[in-house]
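Please read these notes with the structure open beside you. They go through the chains and their contacts point by point.

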Amino acid sequence: MKATEPTLRTFATVWAALMVLLALTVGVALFDLGPLSLAVALVIAVTKAVLILLVFMHVRYGSREVLVFAGAAYLWLAILLVGTFHDYVTRNWLPGPPAQRRQSSGR
Amino acid sequence: MNALPATRREPPEEANYLSAHTLRSWLLTTDHKRIGLLFLFGIIGYFLIGTAAAALVRLDLVTPQGDLLSAEMYNRMFTLHGVVMVWFFLIPSIPSVLGNFVLPLMIGARDVAFPRLNLLSWYLFMIGGGVTLYAILAGGVDTGWTFYTPYSTTYANPQVVTMVAGIFINGFSSILTGLNFIITTHKLRAPGLTWFRLPLFVWTLYATALILVLATPVLAMLLLLVAVERFWGIGVFDPAQGGDPILFQHLFWFYSHPAVYIMILPGMGVVSELVTCFARKRLFGYPFVAGASVAIAVLGFLVWGHHMFVSGQSIYSGFVFSLLSYMVAIPSAIKVFNWTATLYKGSISFETPMLYAIGFIGLFTAGGLTGLMLAATAVDVHVSDTYFVVAHFHYIMVGGMVLAFMGGLHYWWPKITGRMYPDLAGRLAAVVTFIGFNLTFFPQFVMGYLGMPRRYHSYPEEFQFYHILSTAGASILGVGYLLPVVYFLWSLKRGKRAPANPWDARGLEWTVASPPPTHNFHDIPEGIRPPYDYPTPATPPFTSPS
Amino acid sequence: MNDPGTRSGGGAEGMEPLHSHFASREQQREATTLGMWLFLATEILFFGALFLAYAYVRWSFPAVVQQASRHLELVMGTINTGVLLTSSFAMAVGVLFAEQGRHRAAAKALAATALMGVAFLMIKGSEYAAVIHEGFLPGFTANLEPVSRPGGGYAGLLSEGGGPVPGQEELFFWLYFVMTGIHAIHVAIGVGMLTLLAWWMRKPHPASRASLNTVRNAGLYWHFVDLVWVFLFPLLYLAGHRFQP
C-alpha cells in the first residue's frame, strides 16, 4: 500500500476537492430529490471521508495494519446499524402481533 | 522439580517485582505484574460485595412470601449483584488480573505496550467502582443490571444516573485494557514468536481485547444517553415522544452480548493452558482453537437480538438472530472437542488447576447447550425471563468463568507469589465448589422450565423445594470460595517456596524466576520453541489393544 | 524501581524518549500509532451509537425531521464545515512541516489549526444561541425558562406558553444538541492539545514532548474530529429542503 509520500500539493488538491464537495452537497440539498436526497448526501459525505482518511490521515501511505484497524471500526458500525435496522424494517413483514404503526414510517 | 526445602532459615529471595514495599511504589507503579495484583485486590473486594448481595437474595428466596427483604430492597439486591458481578468482577477478572500478569511474560516482553495507560485503567476501575458503590449506599437502584427504559430513564430513582456514571467510568478501564493488549500482542512479541507459536491464552486475550475495544464504546454512549434523558427529560428512548425503548435494548445488547464473550473467552484460554500442562500433551488442533477464539469474538457481535425475542422485535429479525446464535455455538463446540481430544491418551494428573479445568469443560458445555435451547425462538418464548435463563448464564459465568479464574489463579499462584499452596486443600476446595455450584444452579433449570420467573421475590409454594435446594447449594459454594482465601493467605507465609517451573509446564512465563524479576527477562528470549511442547504429541500414534 | 524508565533521555532533537519495554524507537512509534488508530476506532463506535439513534428518528419521522432541520442555521453550519475542513488541511501541512524538520513552520500550522478550531466553536456557540433564541431548545422556552410539563416528575411532552415544539420535533433538536455538543467537546479537547503542541514546537529544537510521532498522532485525532463532522453536517443541517425542483 505504499504510494509515494504526499506533498503540500497533494494536500492542497484534496482540500480543494473537499471544498468543491461541500459546495456540491449544500447545493444539491437545496432541492428536494425525494429519497435520492439522502443517498446523494451520504455518497458525498463518504467521498469526503475517504479523501480525509486516505490522504490526510495517511492510510494510503501507511501499513496494512492501519488499513485493517480503520476498516474494521467502520465494519462494526455497519453491523450495529444493519442489525438494528433489520428489526425495524422487517417489523411488519411477517404475521404476528401487530407492530406499532408509526405515522409516516420509513419508505 | 527442584523446590527449595522450607527450612526456617531460607536463603534470601532475589530482588523481584515484589521487593519494593512503599505505598507509593504500588500506587504509582507501571509494572504490569503489580497492576495485575492491584486488580486482584479490587476484584476480590467487589466479589465480596456481589456475593453478599447474592446471599441476601438467596436467603430471601427460601420462603415463598419474600419476608426477609421488602420488594424494593430485593430488586436493589439483584441489581447490585448483577452490576457488580458483571462489570466489576467478571469482566476484569481474568484479563486484568491474570492477563496483565502473564501476557507480557508469555510473549517475551518486558511490559505491555502502554504501562501508564495500564495504571490509568486500574484507577478508572477503582473510581468507577467507588461511584457505583456510592450509588448503592445512597439508595440503590432497582432496575436490574439491564437498566431497561423507560423505567430507568423516567420512573426509577435518581441513583440510576450515579450508577451509570460509575459503569461509564469503568468502561474506559475496559477499553484501555483492550487497547493495550491488542497493541502489545501485535508489536511486542519476542523475535521469532509468530502468531501461531503463541499460547492459546494470548489468542483468547487478544480476541477478548477486540471485543473490549469494539463493544464497550457503544455501552458508554448508551449510558451517557440514559443520563442525558434523565436530566433533560427528553430522549430517544421515551415512547411518549416518539422514542423507542427497543432502541435502548438494541444498543444495550449490542454491547452486552459480546460482553458475555469477554467474560468467557479468557477462561477458555486458561483452560487450554491447564489441559495441556496437566495432560502432558500438545494441544489438539491448535490452529482451530486459535481460529475459534477469534471466530467467537466476531460472531458474538452478530447475535444480540436473541435477548430480545419477546421484546416486540420483528419476528423475521428474531429468526435471523436465532440462526446466527446457533452458528456462534460452533466455535465454542470446536474448542470443547479439542480440549477433550487433548485429554485423550494424555498423561493426566489431577492437581487443583486440572480439577477446575475439567469442571469448566463439563459445566461450560452444559451451560452452552442450554444456550442453544434458548436460541430456539419457540423455546425462548416459554423460558424467557424465568430461572432457566438465570441457570444458563450462571452455568457459564460461574461454572465456566469463575472456575477458570480459580484454575488460572491456582496455576499461576506460584509464579505470582513465589509460594506453593497445599494441593490437597486446593483439590478439596475445587470439589466443594463443584458440588455447591451444581446444587445451587441445577434446580434452577428445573424450576425455570416449570415457570418460576426471575427477579421475583415472592412465588408460589410449588417452587419452594427448588429454592431451598438452591440456597443450600449456595452456602456450600460459599465455603468453596472461602477455602482458597484461607490457604492462599497461609501459603504467603508458610507455603513452600516455588521454583521457576513447579508444574514442569511449557511457556515463556515458566522460564523466569518465581516471583519474576521486575523487568521480566534478563535477555529477551530467542529461539522460540513450538507451543505446548509437551512430551505427548497431540495425536499419539494409534496402538491397537493387544 | 517500578517504572522501567526510559533510555537515552531526549536524545537527538525532537526525538521522543525510548521507553525500556520497547526494543527500538521504530517499534515504539509503530505501537503508538497503532494505539491511536485503535483509540479512534473506539471513537467511531462511540459516535456510532448516536448515528443509530439519529437513523431511528429519521426513519420514523422523516417529514418532521425535514421540517425541523430547516430551523437550523444552514449558513453558519456550512461556514463551520469549511472552517473545519480547512483546519484539517492546516493540520496535514503541519505534520508535513514537522516531518521536514521545519519546526517553527509546523508550530505555526498547528496554531492555525487550533485557531480554526476555536473559530468553529465560536460559530457553533452563536448557532446554539440562535436556535435557542427561536425556542427550539427542547424543554425550555426561548427565554430559557424550563417548561412545566404535566405529570411523571420529569419534563414531559408538550410545552405551555412560549415553547413551540411537539414531541417528535423535540427529538430532532435533542439529537442536534447532543450530537453536535459531544462533537464540540472533542473539538475543544483537540484545540487544547494542538495549542500545547504548537507551544512546545515553537523553538527550532523542540523538546522531546513534541516529537514527530506525537504530532502525527495529534493529527490523526484532529482529522477524525473532522471526519465525524463531515457526516453530522449533511445529516443534521441538510435534511430539510428549501426548494422543489
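1. On the model and its conventions. This is a predicted model, in which local features need pLDDT of at least 70 and side-chain atom pairs count only at pLDDT 80 or more, while totals for chains, interfaces and linings use all residues. Residues are numbered from 1 along each chain as its sequence is written, chains are lettered from A and ligands numbered from 1 in the order in which they are written, and side-chain values use heavy atoms, with hydrogens and water left out.

2. On chain A. Chain A has 3 helices and 0 strands, in the order α-α-α along the sequence. Helices (H or I, at least four residues) and strands (E, at least two) are DSSP runs, numbered from the N terminus. Of its 107 residues, 36% count as buried, meaning under 20% relative accessible area; exposed means over 50% and partly exposed in between (1.4 Å probe, protein chains only). The accessible surface of chain A is about 5,900 Å², with 71% belonging to carbon and sulfur atoms; such areas come from the Shrake-Rupley method with a 1.4 Å probe, and for residues only the protein chains shown count as cover.

3. On the interface of chain C and chain A. The contact (heavy atoms within 4.5 Å) takes 48 residues from chain C and 49 residues from chain A. The size of an interface is often given as the accessible area lost when the parts come together. Here the buried area is about 4,500 Å², with carbon and sulfur atoms giving 78%; buried area is the accessible area (1.4 Å probe) that two parts lose on being put together, summed over both. The rule finds 2 residue pairs in polar contact across this interface, both residues at pLDDT 80 or more. A polar contact is a pair of N or O atoms within 3.5 Å; within protein, one must be able to donate a hydrogen and the other to accept it, and residues adjacent in sequence count only if both atoms are side-chain atoms.

4. On which parts of chain C face chain A. Helices α1 (25-60), α3 (74-99) and α6 (212-237) of chain C each supply at least two residues to the side that touches chain A. The most, 16 residues, comes from α1(C).

5. On the interface of chain C and chain B. Here 43 residues of chain C are in contact with 47 residues of chain B, and about 3,900 Å² is buried between the two chains, 75% of it on carbon and sulfur atoms. How many salt bridges are counted between chain C and chain B? The count is 1, where a salt bridge is a side-chain nitrogen of Lys or Arg within 4 Å of a carboxyl oxygen of Asp or Glu. The pair is Glu30(C) and Lys187(B), at 2.6 Å, N to O. By contrast, the count between chain C and chain A is 0 salt bridges.

6. On Ser311(B). This residue lies in the loop between α9 (286-299) and α10 (315-343) of chain B. Ser311(B) counts as partly exposed because its relative accessibility is 24%. Apart from residues up to four places away in sequence, Ser311(B) touches Ile246(B) and Gln249(B). A polar atom of the Ser311(B) side chain lies 2.7 Å from the backbone oxygen of Met308(B), and the side chain of Ser311(B) also reaches the backbone nitrogen of Gln313(B) at 3.3 Å.
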